[in-house]
Amino acid sequence: MPMEAQAIEALIVAAIPDAVVEITDLAGDGDHYAARVVSETFRGKPRIAQQRAVYAALGGRMGGELHALQLTTGVPTLQA
């Protein structure tokens, strides 16, 4: 059974409480998503460590309930 975008967001925020998460359903099938995750906790960490934190938050659902996730991570930027 496919995952809903809200469930993906909830899992990420539960593991990374300050995360700002944007989920986009790429194919309209509930199986292929893009996620943009921004968190201060990512500051100073290489992108691979940032992405591993997000995948860890999903608790092994990749390849099962969640077929594909295009992931972009980063840190907040200062607004002028």
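Me: In what order do the elements of the chain run from the N terminus on?

Reply: They run α-β-β-α-β, that is, two helices and three strands. Helices are DSSP runs of H or I with at least four residues, strands are runs of E with at least two, and both are numbered from the N terminus. This is a predicted model, in which local features need pLDDT of at least 70, side-chain atom pairs count only at pLDDT 80 or more, and totals for chains, interfaces and linings use all residues. Residues are numbered from 1 along each chain as its sequence is written, and side-chain values use heavy atoms, with hydrogens and water left out.

Me: What makes the residues Gln50, Gln51, Val54 and Ala57 of helix α2 count as buried?

Reply: Buried means under 20% relative accessible area, exposed over 50%, and partly exposed in between, with a 1.4 Å probe and protein chains only. In α2, residues 47-57, these four are buried.

Me: What do the buried residues of α2 pack against?

Reply: Their partners are α1 (5-15), β2 (32-38) and β3 (68-74), where contact means heavy atoms within 4.5 Å.

Me: Which residue just after α2 takes a positive phi?

Reply: Gly59 does, with a phi of about 55 degrees.
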